[in-house]
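Please look over the sequence and the model before reading on. The report below goes through them part by part.

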Amino acid sequence: MFKTILHHHASSCSDCTKLCCTKIEDFSVKIGRLTIFDHVNIHIHCGQLTALIGPNGAGKSTLLKAILGEVPHGGSLHYVDAKGKHTGHPVIGYVPQYLRFDVSSPTSVMDIFMACLTRRPVWLCSAKSLRPRVLRSLERVRAAHLIDRRLGALSGGELQRVLLALALDPMPDLLLLDEPVSGVDQNGLELFYEIVADLREKEDMAIILISHDLNMVAKHADQVVLMNKGVVMSGTPEEVFADQRTKKIFGMLAGESAQEAAADIPAGTQDTAGDTADEARGADA
Ligand SMILES: Nc1ncnc2c1ncn2[C@@H]1O[C@H](COP(=O)(O)OP(=O)(O)OP(=O)(O)O)[C@@H](O)[C@H]1O
């Protein structure tokens, strides 16, 4: 189960010409008669962190699930590797916004890695032989000390790093991160962003991150995509945060920065801003 959640394989594109890039072309998701989003076109380059921002219900998480192929969608995904050749089956790593599991379960971090790293039944695997590999994975996210910890005993930030370590083995071409809205404290969030920024540089990885923390986005993102049932606008953090449509969606007061405004909006109340966002999107279309 964890394997399906954290790693997916997708087919590559047919017109590879330039640098490593993931092209999301004309993506749309409809559930019944409801359009969750449509006409989504985004290019994600390797070595870049693309932040997805927008109000609650904008369709951000659904977009990640569509990229993973977990949700039926229109449009297509194209992958181009750094040499302009097909990558065959690019690996996508995914860290979900939350994970439902029994917090009283004795399952440890090591157990979960063993279940994910091998196709053989866990009871036939040698923990001893896998341990160095698991430690290496956990070291990448500064969590080696958590290897024998029970999953249910981890803090929100620690669990997020363990899930990230799982999503990085095998190393993906594209990493999708759905930031938890709660349960991770400020220190945990900062550490997580530091690790992600490191990965982007050292591994030259393409990363899409859904974020509710506009300060962190301003600090770390290379590209920001503002979503509200479609792409409202995209650009550098400076461009997106200075734009009237962003200000409208996040209900910013005159002179207030996007980050300050977002900090003022209690979780779960941004839906109200969504109506305004529709207008903003309508004006853009
Ligand atoms: N399976 C489903 N059936 C019906 N509606 C759904 C389903 N999945 C998502 N939706 C709706 O699609 C919209 C987008 O949801 P999504 O979780 O993608 O938004 P989001 O931008 O990630 O929101 P948040 O910031 O609150 O996490 C919401 O209105 C949600 O209720």
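Where is Arg142 found? Arg142 is in the loop between α4 (127–140) and α5.

## The model and its numbering

This is a predicted model, in which local features need pLDDT of at least 70 and side-chain atom pairs count only at pLDDT 80 or more, while totals for chains, interfaces and linings use all residues. Residues are numbered from 1 along each chain as its sequence is written.

## The chain as a whole

The chain has 11 helices and 10 strands. Helices (H or I, at least four residues) and strands (E, at least two) are DSSP runs, numbered from the N terminus. The chain has 285 residues, of which 39% count as buried. A residue is buried if 20 or more other C-beta atoms lie within 10 Å of its own, exposed if 12 or fewer, and partly exposed in between, with C-beta atoms placed from the backbone.

Two residues are in contact if their C-beta atoms, placed from the backbone, lie within 7 Å. Of the contacts in the chain between residues at least 6 apart in sequence, 73% join residues at least 24 apart.

## Around the ligand

The residues surrounding the ligand are Ile31, Ile36, Gly54, Asn56, Gly57, Ala58, Gly59, Lys60, Ser61 and Thr62. A residue is near a molecule if its C-beta atom, placed from the backbone, lies within 6 Å of it. By class, this shell has 3 nonpolar, 6 polar and 1 charged residues. Here Ala, Val, Leu, Ile, Met, Phe, Trp, Tyr, Cys and Pro count as nonpolar, Asp, Glu, Lys and Arg as charged, and the others, Gly among them, as polar.

Helix α2 (residues 60–68) supplies the largest share of the shell, 3 residues. In α2, the residues Lys60, Leu63, Leu64, Ala66, Ile67 and Leu68 are buried. Gly69 follows α2 and has a positive phi, near 85°.

In soluble globular proteins, nonpolar side chains tend to be buried together. A nonpolar core is a set of buried Ala, Val, Leu, Ile, Met, Phe, Trp, Tyr and Cys residues joined through C-beta atoms within 7 Å. The largest nonpolar core has 72 residues, and those with the most contacts inside it are Leu52, Ile67, Leu176, Ile207 and Leu209. Helix α5 (residues 156–167) gives the most to this core, with 7 residues. Leaving aside neighbours within four places in sequence, Leu52 is in contact with Lys60, Leu63, Ile208, Leu209, Ile210, Val225 and Met227.

Why is α5 described as largely enclosed by the rest of the structure? The description applies because 11 of the 12 residues of α5 are buried. Among the buried residues of α5 are Glu158 and Arg161. From its first C-alpha to its last, α5 reaches 16 Å, close to the 16 Å expected at 1.5 Å a residue; the expected span is 1.5 Å times one less than the number of residues.

## Strands and their partners

Two strands pair if DSSP finds at least two bridges between them. Strand β6 (residues 91–95) is mostly covered, with 4 of its 5 residues buried. β6 and strand β7 (residues 174–178) run parallel and are joined by 4 bridges. The bridge partner of Tyr94 in β7 is Leu176.

Strands β9 (residues 223–227) and β10 (residues 231–235) run antiparallel, and 4 bridges join them. Leu226 has Met233 as its bridge partner in β10. The hairpin of β9 and β10 has 3 residues between the strands, and Lys229 in this hairpin takes a positive phi near 60°.

Thr50 lies in strand β4 (residues 49–53). With 19 C-beta neighbours inside 10 Å, Thr50 counts as partly exposed. Thr50 and Val225 are 175 residues apart along the chain, yet their C-alpha atoms are separated by 7.2 Å.

## Backbone exceptions

Most residues other than glycine have a negative phi, and most peptide bonds are trans. Asp26, in strand β2 (residues 21–31), has a positive phi near 50°. Asp26 is exposed, with 12 other C-beta atoms within 10 Å. Arg142 also has a positive phi, near 55°, and is partly exposed, with 16 other C-beta atoms within 10 Å.

A cis peptide bond joins Asp169 and Pro170, with omega about 5°. Pro170 is in the loop between α5 and β7.
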